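Let's take a walk through a protein together. Keep the picture open and follow along as we go from the whole chain down to single residues.

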Amino acid sequence: MVHIQRRERFNAAHRLYNPDWTDERNFEVFGPCANPHFHGHNFNLIVDVKGEIQKDTGFVMDLQVLRNLIREHVIVHLDHRNLNLDVPFLEGKMASTEVLAIEIWKILQPLIAKEGGQLHCIRLEETENNFVEYYGE
């Protein structure tokens, strides 16, 4: 089994906020991330695909195809967007990095499988110190 990875970057704003709570409770739990005027990040998205090497290409999956899938189905919806307001697949969901990683998995997993790869991990880096890894569990 061989793993390949593709990294893409995007910039997005969001607000961590539970509408069922008071503003005071939101600031108590989320701190400045509950700012009603939002805040932004320069995200790194790393998509890890595993599989057997194809004899005819020497690839697990063509990295250009993977790049195009990520850009066309994920990045175009996230880059320079407000995650709370502009992203249909996050509508009604908490705009946390954890939830975003799961939603990205849901989009990419069937597309990658169709190309013969197996999605292994979505790693979403919000900052250089804070990141999420999701393995489809």
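We'll start with the overall layout, then visit a helix pair, one histidine and a pocket.

What you see is a predicted model, where local features need pLDDT of at least 70, side-chain atom pairs count only at pLDDT 80 or more, and totals for chains, interfaces and linings use all residues. Residues are numbered from 1 along each chain as its sequence is written, and side-chain values use heavy atoms, with hydrogens and water left out.

First, the parts list. You'll find three helices and five strands, which follow each other along the sequence as β-α-β-α-β-α-β-β. (Helices are DSSP runs of H or I with at least four residues, strands are runs of E with at least two, and both are numbered from the N terminus.) The C-alpha trace spans about 60 × 25 × 25 Å along its principal axes. Of the 137 residues, 41% are buried; buried means under 20% relative accessible area, exposed means over 50%, and partly exposed is in between, using a 1.4 Å probe and protein chains only.

Now look at helix α2 (residues 63-78) and helix α3 (residues 97-114), which pack at an angle of about 145° with their axes 10 Å apart. The axes are lines fitted to C-alpha atoms over the stretch in contact, and angles run from 0 to 180 degrees between N-to-C directions. Who does the touching? On the α2 side the residues include Leu 66, Ile 70 and His 73, and on the α3 side they include Leu 100, Ile 104 and Leu 111. Contact here means heavy atoms within 4.5 Å. By class, the residues of this contact are eleven nonpolar, one polar and no charged. Ala, Val, Leu, Ile, Met, Phe, Trp, Tyr, Cys and Pro count as nonpolar, Asp, Glu, Lys and Arg as charged, and the others, Gly among them, as polar.

Stay on helix α2 and find His 77. Is His 77 buried or partly exposed? Its relative accessible area is 33%, so His 77 counts as partly exposed. Leaving aside residues up to four places away in sequence, His 77 touches Glu 72, Val 87 and Phe 89.

Finally, the largest pocket has a volume of about 160 Å³. On a 1 Å grid over the protein atoms alone, a pocket is an open set of points where a 1.4 Å probe fits, with protein on both sides within 12 Å along at least five of seven lines; lining residues have an atom within 4 Å of a point. Among the lining residues are Arg 15, Tyr 17, Phe 38 and Lys 93.

Methods. Points joined across faces, edges and corners; volume = space filled by probe spheres on them.
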